[in-house]
Amino acid sequence: MRDPEQVALEAVAAEVGRLLLQAGERLTTAESCTGGWLGQCITAVAGSSRWFDRGFISYSNEAKTELLGVGGDTLASHGAVSEATAAAMALGALARSPADWAIAVTGIAGPDGGTAEKPVGTVCFAWARADAQLFTATRHFAGDRRAVRAQSVEHALRGLLPRIGARSV
């Protein structure tokens, strides 16, 4: 029997794919705390190769710098869990892919690693489009490590839905 949570996440990924196909656009991902779960949900959708280009798993700060070009100054000033870092991850993924859209996720899934300023469950997101549109958000999710990661994947996918096909005016 399939995990209902996973089935629900894959359904959202399928909707993202449907809209990307309609718009003639492709997606890349840059993940930290989700560790590839976002890409896994996307590639579980049959035919996703028509709208998903590639995914980057950049768990360490070194990987964020080497794979995505996140600046050391950004990491030093804002930390790995910040909208600035998520934005740099998304823009770096776009620069390293022919995709039209990038989703980036970086956060603290727990159970350790939180601080008073950034408690466990703090997750930062960025959605970037190759034409220079950039959107960021921070959310605070409750639950254990798996719950935080699952909510992060869902929020990342749902956050792209209203933006697909939209053009800046």
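These legends describe an overview and several close-up views of one predicted protein model.

In this predicted model, local features need pLDDT of at least 70 and side-chain atom pairs count only at pLDDT 80 or more, while totals for chains, interfaces and linings use all residues. Residues are numbered from 1 along each chain as its sequence is written, and side-chain values use heavy atoms, with hydrogens and water left out.

Overview. Helices (H or I, at least four residues) and strands (E, at least two) are DSSP runs, numbered from the N terminus. Read from the N terminus, the order is α-β-α-β-α-α-α-β-β-β-α. The radius of gyration is 15 Å, close to the 15 Å from the globule rule for 169 residues, so the protein is as compact as a globular protein of that length. That radius is taken over C-alpha atoms, and the rule is 2.2 Å times the number of residues to the power 0.38. Along the principal axes, the C-alpha atoms fill a box of roughly 45 × 40 × 30 Å.

Of the 169 residues, 49% count as buried. Buried means under 20% relative accessible area, exposed over 50%, and partly exposed in between (1.4 Å probe, protein chains only). A contact means heavy atoms within 4.5 Å. Take the contacts between residues at least 6 apart in sequence: 66% of them join residues at least 24 apart.

**Close-up 1. Helix α3 spans residues 61-68.** Its buried residues are A63, K64 and L68. Seen down the helix axis, these buried residues fall within an arc of 105°, so they line one face of α3. The arc is that of the directions from the helix axis to the C-beta atoms. An α-helix has 3.6 residues a turn, so residues three or four places apart point the same way. E62 and E66 are exposed, on the face of α3 turned away from its buried side. The cover over the buried residues includes β1 (27-31), β2 (52-57), α4 (72-78), α5 (83-95) and β3 (101-107). Just after α3 comes G69, with a positive phi of about 75°.

**Close-up 2. S152 sits in helix α6, residues 145-160.** S152 is buried, and its relative accessible area is 0%. Leaving aside residues up to four places away in sequence, S152 touches T34, V105, V123, F125 and F141.

**Close-up 3. A cis peptide bond runs from G110 to P111.** Its omega is near 5°. P111 belongs to the loop between β3 and β4.

**Close-up 4. The loop between β4 (122-129) and β5 (134-140) contains Q133.** A132 lies in the loop between β4 and β5 too. A132 is exposed, with a relative accessible area of 64%. A132 is not a glycine, although its phi is positive, at about 85°. Q133, by contrast, is buried, with a relative accessible area of 12%. Q133 and R163 stand 30 residues apart in sequence. In space, their C-alpha atoms are 9.6 Å apart.
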